[in-house]
Amino acid sequence: MRCFFTVLKMDLRNLFRNPVLIGYNTVFALLLILIMGFLTSGDYASGKDAFQYYLVTMLIYGMLSGAMTATNCFMERDIRRPNLRIIFSPAGSFSVYFSKTLASFLFDYTMHLLLLALLCPLLHVTLGAQPLYFLLLMAPVEFTAASLGTFFCCLLHTEEAASTLLSMTISLLCILGGTFFSLNGMGHILSMLSSFSPVKWLNDAFFALCCDNSQALAVPVAFGCLIFSLLLTAGCALFFKTEDYL
Amino acid sequence: MEKLLEVTHLSKKFKDTSVLNDISFDVLRGEILCFLGPNGAGKSTTIHILTAALKKDEGNILFRQKPITQHLSAYKQCLGIVPQELALYEELSAEQNLRFFASLYGLHGKKLSQAVTYALDFAGLSDRAHDKVGTFSGGMKRRLNIACAIAHRPELVIMDEPTVGIDPQSRNYILDSIRKLRSEGMTILYTTHYMEEVEAISTRILIMDHGSIIAEGTNESLKEDIENEKRYLIEVEENGKIPLEEFYSIEGVKSVEIIENTLSITSLKSVENLDRIISLFSVYHEKIKNMTTENASLETVFLKLTGRKLRD
Amino acid sequence: MNTFFTVLKNNYLRTIPRIVPVMIYTGVTLLTILFSIYFTGTQQVRARIIYIPADSSVSIPHSSSALQVTASDTAPSCADLMKRKYDAAIFAGSDGSYQIRTYLNEKSKNMILNLVKHPDADLSSYEKQRGVGVNVLGFMMMFLLMSALSNLFAFSDDREQGQLSRIILAPISFSWYMAAHMVYCITLLLPAYLLLVLLKLLGWNIGFSLLQFAGLILLLALLGISMALLLHTLIIKPDNANMLGNSITVLTCLLAGSFHSITSRYPVLNKATDLLPQKKLLDYAGYLEQNTAAAHSSLLYYVILFSLFLFLISVILLRKQYLDKK
């Protein structure tokens, strides 16, 4: 256990000292929310409503993009070899990949919480009557994204391939899920396709929390995320083979 | 001497290619056992199986008379691995790297600090402890790479070609350090394709080629057969003028090989026949471009065993 | 010229182990083209409302191509209105009056009320719809630019791993070396163009002629390559450059309205987004669809000059880093 925490500490150190990742998880998300909010504020009666919409949707996009944090943490070129040196130690394979998932989750969650702490009072945006539920629901989503990134690394063995596939997939799912603009008025087929996108379920759950103060969707979404994370972690155990990295 | 590691009938295949063919050997406590062989001989594959990073197809590996699979974590605790490629966090300092890797072997608190100090002294990097590894020279990185493996004072240190790509000064430093590790009680398993390193530090040698161990013994015992021999390498302008029988008619000449425009003549050391060999060239008007003399070496041993040079 | 073909051939060889990311980008770009054509062909509903009549005597307006009506006894949740599942909730009184609950602006409110009263009304005065050509260009824009960033891997790897220093020492032409990388990137965008050719041959309406599309895609490629080159010149680590480049691409394409036209209530912001080359290109494409592009060729020149400017900075920096040391 001590070994695991040693590795976790190192991973967290690598993440918090990476300005590109910090920027990607804060500045990029901040810019997206602010700019999209400003630009579309003309479509709304109150400019605040544009920010309300894009804070939630872009936050979800940002949380899912946290998968790229995990791929970077695991197999970024400069730290790939020292990360894999751990294979030879008594720490074991589980420490190698699960510490990346946990470290990425903690890092992304911290960054996004800081972002909300800054933007909510600034933009007068609400997270619902009980913001704690909103913040709590973010945790399983962040963890799922981190697990996804680690899993893809175990599957594809390189950060580049994993990040490319993930960024494309996440962008597509977000477009289908109505993150950037609503697809509801674009025909029956698209509306139907949209309903299959997990991003849509996330949007529904988070909007229900902040606009209707309803936790009805939060519980199934959280549960679904946890199950999916477990499956992904099991997938890592299946696909991570030390001999592939020798 | 006590057997620390016993390897029996080890085999490994990658797809249909056999990379290890039923090899068996022991590692004795306190020795420096060198694996010598060309690239592709199977040295690194053997190392990776011993470190449990790669699964074997057949065979047994016992550590202190117990199968390593039965107590893998405890076995790994006793190992120190120096990988062939540098595996260091370049953005961190030498001390931070050592702290991290030593912690993985259960060290913490005061013991960890002592281990880090010991490792920095060993690597000669005490004055650069707080500098980022990215600012180090290649030789310094190699030394740190080794230091990260021995900080926790393992029983068995496995080094996979640790001196690749460094200057002679750093190499000598590393070889001296390895002798020092042995004097401190560690057992070293060392792979290389540089015979000079093997001759400098080994207590015992295993020569590998094409996945098999083709010779085993000490430096002296391996060269015994050929110690009374010397080899003349004579480069000529145009080969084929002198019939080979002429050389064999000279007393002491054991074998003659032609490698492109170079004649490799093996002769007994006890017989002074160089003048007669040279005179043949004069008789047949064969112009000598260059000539060197070689005494018995591991290179010669390998050549005798395989018909190829170590670096072919 | 020898340098050009040597480097180009080497780049194709280096593509083989990276075929997965290349195929992913290509596949997604092709999908977005098909999606954009379908999306334009679909009649877009302009307003989706929940209609809550006061009592059974109140008649419910019929749905039309522009208006989607869902009758209900209860009002929609705030969340449904916020995330635009419904644009508005209409409370219809028995006296024929309407109360509207929506987050949208006055203009949209008026449009919705007009549609409720006249479901088949002509809405051309409210908002102009984009043509299929502009939509195709807009949808594939983000992915083509991201592809250009990814496809410049050969150059970025040469820089990071030191091969570029070695190449410079050889008797080669630096210009031909760079040209080879650019041509390589452009050729990897060919599948997108070939799909458009196929669709055109199958009789689909793709908005522009094949020659026009060739020109537009080439411009987009040049823009993407010049941006990618600058990023890889400024940032040594390819992973960091790609991450930053993708972020910039997503942001600027959204701002430029590649998926959906965006206008802000703040003129300053509108002016700022107008400076984006993607916006200029989309505007030009819009004029091209209306056959008035000739009068707006300045938009085209802007995109070309912008690309050339980025390219020039990259070349100056590279020369400083590598050639002036020779």
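**Entry 1: a hairpin in chain B**

I began with β9(B) and strand β10 (residues 212–217) of chain B, which run antiparallel and are joined by five bridges. For the naming, helices (H or I, at least four residues) and strands (E, at least two) are DSSP runs, numbered from the N terminus. Two strands pair if DSSP finds at least two bridges between them. I looked up one bridge here: B:Asp209 has B:Ser212 in β10(B) as its partner. The hairpin of β9(B) and β10(B) has two residues between the strands, and B:His210 takes a positive phi near 50° there.

A note on what I am reading: this is a predicted model, in which local features need pLDDT of at least 70 and side-chain atom pairs count only at pLDDT 80 or more, while totals for chains, interfaces and linings use all residues. Residues are numbered from 1 along each chain as its sequence is written, and chains are lettered from A and ligands numbered from 1 in the order in which they are written.

Next I followed β9(B), residues 204–209, to strand β3 (residues 32–36) of chain B, and found them paired in the parallel sense over four bridges. B:Leu33 has B:Arg204 in β9(B) as its bridge partner. I reminded myself that strands of a sheet pair through backbone hydrogen bonds, either parallel or antiparallel.

**Entry 2: a sheet in chain C**

In chain C I found an open sheet of four strands, in the order β2-β1-β3-β4, with mixed pairing. Which strands stand at the edges? They are β2 (67–71) and β4 (98–101) of chain C, each with a single partner strand, so one side of each is left without a neighbour in the sheet. On average, neighbouring strands of this sheet are turned by 25° against each other, direction ignored. Strand β1 (residues 47–53) of chain C pairs with β2(C) in the parallel sense, over five bridges. Along that pair, I noted C:Ala47 opposite C:Leu67 in β2(C).

I also checked the domains of chain C, whose bounds come from an automatic or database domain assignment. Domain 1 covers 2–41 + 130–323, and domain 2 covers 47–117. Their C-alpha centres lie 43 Å apart.

**Entry 3: two helix pairs**

Axes are lines fitted to C-alpha atoms, for helices over the stretch in contact, and angles run from 0 to 180 degrees between N-to-C directions. The classes are roughly parallel under 35 degrees, roughly antiparallel over 145, roughly perpendicular from 65 to 115, and oblique for the rest.

The crossing of α8(A) and α9(A) is right-handed. A crossing is left-handed if the near helix is turned anticlockwise from the far one by less than a right angle, and right-handed if clockwise. Among the contacting residues I listed A:Leu148 and A:Phe152 of α8(A), and A:Leu165 and A:Leu166 of α9(A). Two residues are in contact if their C-beta atoms, placed from the backbone, lie within 7 Å.

My other pair was helix α5 (residues 132–151) of chain C with helix α13 (residues 277–289) of chain C, whose axes come within 9 Å and cross at roughly 160°. That makes α5(C) roughly antiparallel to α13(C). The crossing of α5(C) and α13(C) is right-handed. Where they meet, α5(C) brings residues including C:Val134 and C:Met141, and α13(C) brings residues including C:Leu282 and C:Ala285.

**Entry 4: how the chains touch**

Which chains share the most contacts? Of the two pairs of chains in contact, they are chains A and C. Chain B and chain C have no contact joining them, and their closest C-alpha atoms lie 14 Å apart.
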